[in-house]
Every structure is written in C-alpha cells, then in structure tokens.
Amino acid sequence: MSYRFEAGRIYRMPTHFGPAPGPRQLPDDVAPDPKRNPRRLSVAASFLTDAARLERHLPEGFALAGEPVVTVEFHYLTGIDWLAGRGYTMIDVSWPATFTGQNDKASGRFLAVIWENLADPIITGRGEIGHPKLYAEIAEPRLWDGAQICAASWMGFRFLDLLVSELRDAPPSPAKPGSDGTLMLKYVPRTGAWGEAELHQVTLTPADDPDRTVERHQAGVGAVRFHRAAWSDLPTLHHVVNALAELPIIEPRGGSLTQSRGGKSYRDQRVLV
C-alpha cells in the first residue's frame, strides 16, 4: 500500500520516509528551551550606500524605508536544540524597506540574502519559511589587536571580509520604531517551464522575540568588503557577490558585537499578500 501525507505535518524531499524532523518539527521526546538555546555571538557592520543602486535589488511591491543603510551580520550559533546541541554560522545582508501588497502592508528589514555553512538549515529554511539561503565556508571569528575579524568564502575564494574594531561596552540598540519584522521573498521555479514561478510570495518573520536575552553588547567601528568575482571564481554566486560589491560605501555606519542566548524559532512565519 502506498503512503499518504499526514495532515498538519511537515514533509521535505524525499517525502517517502515520513514527516521530516527539523527546527519546526522536533521528536516528541525532545523539549526545546528557547530561553536558553541557542547561544549566539553576532558581529555586524553597516554602511550608507546609494539609494537608487540599492532599490534595483528590491522586488516589486517593496520600497526603501529611510536611509539606504546596508547591514551585514555574522551569527555564530552553538547549542541549537533541533541539531541536538550542534551549531552553525549564518551571514545576513539586509536593509530597511516597506512592502505594500493587495491586502497587507509591513515595514522592517528586507533580508536580501543569507549564507550558511551547513546544509540542514539551508534546506529547511528555504523550503519551509522562504529564507533566501545560500552556502558558504565561514571561518571562526578571530579576535586580534582588539578587533573582531570575520570572513566567508566558497571553495577557496574569499568573497567577504568584515571587521569591527575599537569595541566598547554599550547598551543594546533599541528596536526600530514601527518595525513589523523581517521581510523576505520566497520564490520557487516551475519545473519544465523555465522563467515561470511555481511559488512567488512575500514572507514576514514578526519582530517580537521575547525569548532572546542579550548578555553583552559592544559598539565599535565597522568595515565590510565584498570582493568582486569572476564567473570561474563563484560559478553560482558571482551575480550575488558582485551586486553587493558594486554598492558604493558612502559612509561607514558603525559596527557591533553582541552575545545572547535563546531566541526565535521561526515557527510564527506569515505570508503577506
């Protein structure tokens, strides 16, 4: 007898072996502790760029909100419940935007791309909640001469450097007023009809995160650089990296280092129309 899909359960390919465990579907005997896990070290730097150049990378229905400030964040996560205590690293690239749809309107940070160094969160995040995730090799953070140094590469080609220096203890940055959360575009191509979409929708991660506790926050001077790549350097990534490398850095807007515990499990994702 062939199998049937169970209602209310999450499946991923291959579906033939039953519902798939992951960050939004843990085994029944695993009790996550979102106020304690994961542990997170976040290193970020921002810069002011040209608004017209930045707007070229916003989907239809989106517009810049406020200054065209791009933020690049490295997040080093450990003690992740759904990975049985293991960890991975992610890089976020975002800027402020608003979305206006037929029924919904929201503002917050537009998450343009995420790089991660583990397949499991890439596969689950892309398929289940629409995070624009790609793979990269991400070095461990390096503290040298008072500066936090971060880097990312793909098969030996380093495409991103980030450095935050002159770090000093500071109060955590206040939440931006009027932010509804993180906005993303989920897109799935239609098989056999290239150029057409099977799925094309805007997703929102609400801003509220009561489980996250900031244990330490430092502010400093931030510097970020994307390195231009030839097609042979990054065959499937050069168009992303070069688009970011071509954004002019008009003015650095500082950097930060944050240590925290707990946080959002991304189970409360919304689709905007």
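Guide: Arg12, Arg24 and Glu128 are linked in a network of salt bridges. Please keep in mind that this is a predicted model, where local features need pLDDT of at least 70, side-chain atom pairs count only at pLDDT 80 or more, and totals for chains, interfaces and linings use all residues. Residues are numbered from 1 along each chain as its sequence is written, and side-chain values use heavy atoms, with hydrogens and water left out.

Visitor: Why is the pair Glu128 and Arg12 called a salt bridge?
Guide: The term asks for a side-chain nitrogen of Lys or Arg within 4 Å of a carboxyl oxygen of Asp or Glu. The closest N and O atoms of Glu128 and Arg12 are 2.5 Å apart, so the pair meets the definition. Glu128 sits in helix 2 (residues 119–129) and Arg12 in the segment before strand 1 (39–48), so these partners, 116 residues apart, link distant parts of the chain. Helices (H or I, at least four residues) and strands (E, at least two) are DSSP runs, numbered from the N terminus.

Visitor: What makes Arg12 buried?
Guide: Its relative accessible area is 19%. Buried means under 20%, exposed over 50%, and partly exposed in between, with a 1.4 Å probe and protein chains only. Arg12 therefore counts as buried.

Visitor: What makes Arg190 and Glu196 a salt bridge?
Guide: The closest N and O atoms there are 3.3 Å apart. Both partners are partly exposed, because Arg190 has 30% relative accessibility and Glu196 has 39%. By this rule the count comes to 15 salt bridges.

Visitor: Which peptide bonds are cis?
Guide: Among them are Met13 to Pro14, with omega near -5 degrees, and Asn37 to Pro38, with omega near 0 degrees. Pro14 is in the segment before strand 1, and Pro38 has its place in the segment before strand 1 as well.

Visitor: Why mention phi?
Guide: Most residues other than glycine have a negative phi, and most peptide bonds are trans. Phi of Asp145 is near 55 degrees, and phi of Met155 is near 45 degrees. Asp145 lies in the loop between strand 8 (142–144) and strand 9 (147–154). Met155 lies in the loop between strand 9 and strand 10 (157–169).

Visitor: Are Asp145 and Met155 buried or exposed?
Guide: Asp145 has a relative accessible area of 72%, so this residue is exposed. Met155, at 64%, is exposed as well.
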